[in-house]
Amino acid sequence: MRPAEQSDVEAIAELRAVVMRPDLERLGRYDEHRVRQRLRDGFSPRHTSIITTNGTFAGSVTLRPSDDAHWLEHFYLAPEVQGRGLGSAVLRTLLTRTDTTGDPVRLNVLQGSPARRLYERHGFVIETQDPVDIFMLRLPS
């Protein structure tokens, strides 16, 4: 992983559109423009890391501090690297940091997303949910 730069925003926005499309379409919420613009509007290079494999862009993850927890956001992996343990390795690295500082971690995942299983394997539990989103929490171990 390397720190993100402002110039990474378009690559991340494009990856977001690709990986979120199936879930957003299933939920009837896919919008070609909005899926990219929401990333652009909330992009914080200061808290974002770029994930690379063999020197190639493979994804991104944001760990944004808030008053009572860190928010895990914009965790996207290119489809060709999914299912190989990379997401678990990235998540373990980030959670080791938050465990060291004693901080809980929150996230939201779309209803029906296969990413939910990854988060549950790493100790996240459902806090609340609505018809679109599941909000999850992981306390420090």
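Trainee: What is the strand order of the open sheet of seven strands?

Mentor: The order is β1-β2-β3-β4-β5-β7-β6, with mixed pairing. Strands are DSSP runs of E with at least two residues, helices are runs of H or I with at least four, and both are numbered from the N terminus. The model is predicted, with local features requiring pLDDT of at least 70 and side-chain atom pairs pLDDT 80 or more, while totals for chains, interfaces and linings use all residues. Residues are numbered from 1 along each chain as its sequence is written, and side-chain values use heavy atoms, without hydrogens or water.

Trainee: Why do β1 and β6 count as edges?

Mentor: β1 (2–3) and β6 each have a single partner strand, so one side of each has no neighbour in the sheet.

Trainee: What makes β6 and β7 a pair?

Mentor: Pairing requires at least two bridges found by DSSP. β6 (residues 125–129) and β7 (residues 133–138) have four bridges, in the antiparallel sense, so they qualify. V125 has L137 as its bridge partner, and a hairpin of three residues joins the two strands.

Trainee: Why is the pair of Y119 and F124 called edge-to-face?

Mentor: A pair of aromatic rings is described by the distance of the centres and the angle of the planes. Rings of Phe, Tyr and Trp (its six-membered ring) pair if their centres lie within 6.5 Å; planes under 30 degrees apart are stacked, over 60 edge-to-face, the rest tilted. Y119 and F124 have 5.8 Å between centres and 70 degrees between planes, so the term applies. The whole structure holds one aromatic pair.

Trainee: How do you know whether Y119 is buried or exposed?

Mentor: Buried is under 20% relative accessible area, exposed over 50%, partly exposed in between (1.4 Å probe, protein chains only). Y119 is at 8%, so it counts as buried. F124, at 3%, also counts as buried.

Trainee: Which residues have the most contacts inside the largest nonpolar core?

Mentor: They are I51, L72, F75 and Y119, in a core of 38 residues. Such a core is a set of buried Ala, Val, Leu, Ile, Met, Phe, Trp, Tyr and Cys residues joined through side-chain atoms within 4.5 Å.
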